[in-house]
Amino acid sequence: MSHTITIADYGVGNLYSVRSALEHCGATPIMAKTYDEVLAADRLLLPGVGAFGDSMKGMHRTGMFDAVRDFAAKDRPLLGICLGMQMLLSDSVEFGLNAGLDLIPGHVQLIPETSKSGTPHRIPHVGWAPIFSPPENAGWGTDLLKGISQQTAFYFVHSYHSVPDQPSHLIASCDYDGQSLGAVVQNGSIFGCQFHPEKSASAGLTVIKNFLNL
Amino acid sequence: MAFLRIVARLDVKGANLIKGVHLEGLRVIGDPNEYAKKYYADGVDEIIYMDTVASLYGRNNLTDVVRRTVHDVFVPITVGGGIRSVEDAQEILRSGADKVAINTAATSNPQLLSDVAQRFGAQCLVLSIEAKQQNDGSWEAFCDNGRERTGLDVIEWAKRGTELGAGEILLTSIDREGTRKGFDLELLKAVSESVSVPVIASGGMGSMDHFAQAVHQGGADAVAMADIIHYDRMQLSEIRTSATDMNLNVRIL
């Protein structure tokens with residue numbers, strides 16, 4: 001595989017692991033700082049670390065907000081990872097209500113504060129968790145999740161999770177103490193994964209390769 | 001319930017993976033990167049790198065090791081040893097680590113825990129505690145890789161450290177470390193019952209029974225192993241299969 005992949009650079013810090021994983025999968029990552037660089041991409045990765053509001057400010061300040069939205073309108077593959085996924089939605093309640101990119105209608109909410117049986121559990125949710133198709137959405141195993149079996153574990157680190165308005169946009173949920181959290185979203189060629197594919201061993205690399213092959 | 005994590009612990013001195021007994025008498029094992037790659041291929045859930053001489057020399061030398069590791073190893077990596085400031089933590093995280101483990105600097109400056117947690121999040125911060133049992137049955141926290149006393153009671157320190165923002169505790173029993181005699185279960189139980197964050201049991205694993213005891217009796221959320229895998233006494237794949245057979249809730253590959 002020899003694919004170029006463009007990473008939207010809006011000032012987010014640590015990308016070394018993501019870049020290493022992309023290179024390991026045979027891709028050449030390019031950092032895009034300008035509108036034109038983003039629009040010239042074959043496929044775009046939207047990384048994310050930190051808080052939603054701060055990151056959206058960074059997106060606006062660097063011009064990446066318009067760039068990513070206009071790129072998405074061209075029907076080329078876009079993948080948001082972790083906070084990058086959450087930013088694809090309409091808004092988030094993290095540290096007050098902040099608007100997102102609104103490419104996938106829906107809301108980013110705090111992870112339920114208890115397990116399904118009602119006992120308090122830890123937030124952030126950190127660790128390996130199995131993913132599965134939500135009951136409202138029977139589709140599985142295409143595009144980003146091609147070759148991934150139901151209940152495969154991925155590595156998560158998050159306090160908030162994505163709840164798309166349309167059930168068809170939620171491709172996979174993960175289980176956290178019996179609570180279902182948004183794990184993978186898709187709207188056409190726009191994808192998001194809450195887990196860190198670059199830290200999810202071979203399953204994560206499969207997801208990256210799938211994206212590179214879209 | 002979250003998966004129990006199988007963690008490979010790699011103690012590093014200079015350019016070498018080393019292993020000691022009671023954190024002393026260190027023997028060279030080999031190239032840490034090669035071992036990390038092997039453990040990744042064998043399905044490890046997480047890797048811990050500990051620079052064993054960093055506190056002594058005042059700096060962590062693992063950034064190069066970590067940078068090389070993240071080219072081939074795609075699971076979370078925790079790095080400890082000699083982290084004295086938010087800037088030190090940032091440098092380690094920038095090199096591709098997911099979490100930093102802090103011991104020595106926090107025992108003299110607990111505020112460092114809050115500072116790192118506030119800057120990078122509690123999920124990035126592991127409080128490393130090296131515990132040694134005292135004559136009265138309590139445990140004292142040691143620093144500088146088990147060389148120096150701190151005067152801190154382990155249970156009190158674990159509680160305080162998590163209040164200050166540590167998202168996880170790496171609990172090493174100096175008494176059991178490198179002995180293959182099993183984890184200090186009383187210590188593990190006392191700490192895991194005192195805090196609400198995950199506790200990684202470290203020091204003493206010699207068999208699968210020890211693994212099961214750490215979980216069932218000690219309340220461990222993760223089990224760190226070194227000796228048993230470094231010396232090929234068991235393969236990680238075998239450990240995972242055995243754990244599944246023993247109804248321990250580990251990730252299925």
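Reader: Which residues have the most contacts inside the largest nonpolar core?

Author: They are Val68(A), Ile47(B), Tyr49(B), Val100(B), Ile169(B), Leu171(B) and Val223(B). The core has 160 residues. A nonpolar core here is a set of buried Ala, Val, Leu, Ile, Met, Phe, Trp, Tyr and Cys residues joined through C-beta atoms within 7 Å. Buried means 20 or more other C-beta atoms within 10 Å of a residue's own, placed from the backbone.

Reader: How were these things counted and numbered?

Author: This is a predicted model: local features need pLDDT of at least 70, side-chain atom pairs count only at pLDDT 80 or more, and totals for chains, interfaces and linings use all residues. Residues are numbered from 1 along each chain as its sequence is written, and chains are lettered from A and ligands numbered from 1 in the order in which they are written.

Reader: What is Val68(A) in contact with?

Author: Leaving aside neighbours within four places in sequence, Ala8(A), Val38(A), Leu44(A), Leu46(A) and Leu101(A). Contact means C-beta atoms, placed from the backbone, within 7 Å.

Reader: New topic. Which residues of α11(B) are buried?

Author: Leu236(B), Ile239(B), Arg240(B) and Ala243(B). Seen down the axis of α11(B), they fall within an arc of 95°, so they line one face of the helix. The arc is taken from the directions from the axis to the C-beta atoms. Helices are DSSP runs of H or I, at least four residues, numbered from the N terminus.

Reader: What do they pack against?

Author: β1, α1, α9 and α10 of chain B. Strands are DSSP runs of E, at least two residues.

Reader: And just after α11(B), which residue takes a positive phi?

Author: Asn247(B), at about 60°.

Conventions:
A residue is buried if 20 or more other C-beta atoms lie within 10 Å of its own, exposed if 12 or fewer, and partly exposed in between; C-beta atoms are placed from the backbone. Two residues are in contact if their C-beta atoms, placed from the backbone, lie within 7 Å.
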